[in-house]
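The sequence and structure come first.

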Amino acid sequence: MAEIIRSIRGMNDLLPEVTPYWQAVESTMKTVLSGYGYQEIRFPIVEKTELFKRSIGEVTDIVEKEMYTFDDRNGDSLTLRPEGTAGCVRAAMQNGMLNQTQRLWYMGPMFRHERPQKGRYRQFHQLGVEAYGFSGPDIDAEMIMMTARLWKALGLTGISLQINSLGSTEARLAYREELIQYFEAHQEQLDEDSQRRLHSNPLRILDSKNPEMQALNEAAPKLIDHLDAESKADFEQLCHTLDKVGIRYEINPRLVRGLDYYSKTVFEWVTDQLGSQGTVCAGGRYDGLVAQLGGKDATAIGFAIGLERLIALLEATDALPEIPQTDAYLVAVGDAAAIQAPLLAEALRDQLPALKLITHCGGGSFKSQFKRADRSGARWTLILGEEEVNNESIGVKTMATGEQETISWYDLAAYLSQ
């Protein structure tokens, strides 16, 4: 007997008992986003490797260690997308969308070759939201207010907001030199990754998850103390707006984000309910990315939500959405009933498009069919036998009470719509 082929480690199946929760969460997200005027965009899972090297930065864990990269048959280096922002910008540039403002969202799988653990998988799913062509901090505030409204719509608690500003490119370059001097003075305390990044990308050192680096990073110069005048004014306006609408936040000077293309506002929504994988939503401004990818200068901001972590958080806080139950299960016993059952079911679906109706298929005794009806969780079991066919009627059993009555076919839709 051939060995069973199993899924790749860290790439998981989503089974029918959990996909209804995903669908409900995704539906809520789409409703909130459309309420702010955001439109869906879809772009490929595979892109040219150069897109991610130029956008994310070559001296990052994602590019150096985590990307799924392969050579195509024609010799091109291709990569499964590790995140969505670069692909979204590429699609907007290629299709001439950046000559006007855009509010966009996308949803789908991303791929990173990491050590699989709870909340961190090699294939994971994200909701991404991007806005192009908005220069002021009002769009920054809108992004944060929109995520706050999403948590409210999902009934989610136990999640807090952290914000920071990375300033302009010029301010960050000046800060970068001061940071290098600081870390060079403490070079013996740097771990291997930090030693490697000291001159190529010192801000990434602040993002280190190594506990032995935390004290050193806490004492490092703070970027927020080196902001240019425009970035400082924008950040103050953002804080003022959040204060006015009642969104609580913490200014975290160590929040630098893991990708090179961010500037000015960055933010994360975090929780302590998921252990070390506590970031549920993260984003910020990336005004320089379009030019970095060969386009004209364009302002941009976005965020991403990890759906696996969001579902896990909803489960941990008992906030999983209620899943609509099956309305009815149609049992048919006898040849005449088996012929009539699908006709009756289709007529019901025509009259009641929202009706969740399962028609029994595959034959079997009345007892075995009724067991399946019970397992389906249906509110009603509809019973069709030879006698009911002859009388153009059907038995309706309310499963919660056990009460049963006989109803004409022609009155059934009205009965089930109560």
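## Cavity, pocket and annotated site

The structure holds one cavity of 30 Å³ or more. A cavity is a set of points, on a 1 Å grid over the protein atoms alone, where a 1.4 Å probe fits but cannot get out, while a pocket is an open set with protein on both sides within 12 Å along at least five of seven lines; lining residues have an atom within 4 Å of a point. Points are joined across faces, edges and corners, and a volume is the space filled by probe spheres set on them.

The model is predicted: local features need pLDDT of at least 70, side-chain atom pairs count only at pLDDT 80 or more, and totals for chains, interfaces and linings use all residues. Residues are numbered from 1 along each chain as its sequence is written, and side-chain values use heavy atoms, with hydrogens and water left out.

The largest cavity is lined by Met29, Val32, Leu33, Leu127, Met146, Leu150, Phe303 and Ile305. Two or more lining residues come from each of helix 1, helix 5 (138-154) and strand 11 (300-306); helix 1 gives the most, with three residues. Helices (H or I, at least four residues) and strands (E, at least two) are DSSP runs, numbered from the N terminus.

For the second largest pocket, Trp22, Glu308, Ile311, Ala312 and Glu315 are the closest to the centre among 21 lining residues. Helix 12 supplies the largest share of this lining, six residues.

| Space | Volume | Lining by class |
|---|---|---|
| Largest cavity | about 40 Å³ | eight nonpolar, no polar, no charged residues |
| Second largest pocket | about 460 Å³ | 11 nonpolar, four polar, six charged residues |

In these classes, Ala, Val, Leu, Ile, Met, Phe, Trp, Tyr, Cys and Pro are nonpolar, Asp, Glu, Lys and Arg charged, and the others, Gly among them, polar.

An unreviewed UniProt entry lists residues under "binding site", including Thr85, Gln126 and Glu130. UniProt positions are given in the numbering used here, feature names are shortened, and annotations may be inferred rather than shown by experiment. Thr85 is found in helix 4 (residues 85-94) and counts as buried at 8% relative accessibility (buried is under 20% relative accessible area, exposed over 50%, partly exposed in between; 1.4 Å probe, protein chains only). Leaving aside neighbours within four places in sequence, Thr85 is in contact (heavy atoms within 4.5 Å) with residues including Glu130 and Tyr261. Gln126 lies in strand 6 and, at 12% relative accessibility, is also buried. With the neighbours within four places in sequence left aside, the contacts of Gln126 include Glu83 and Gly84.
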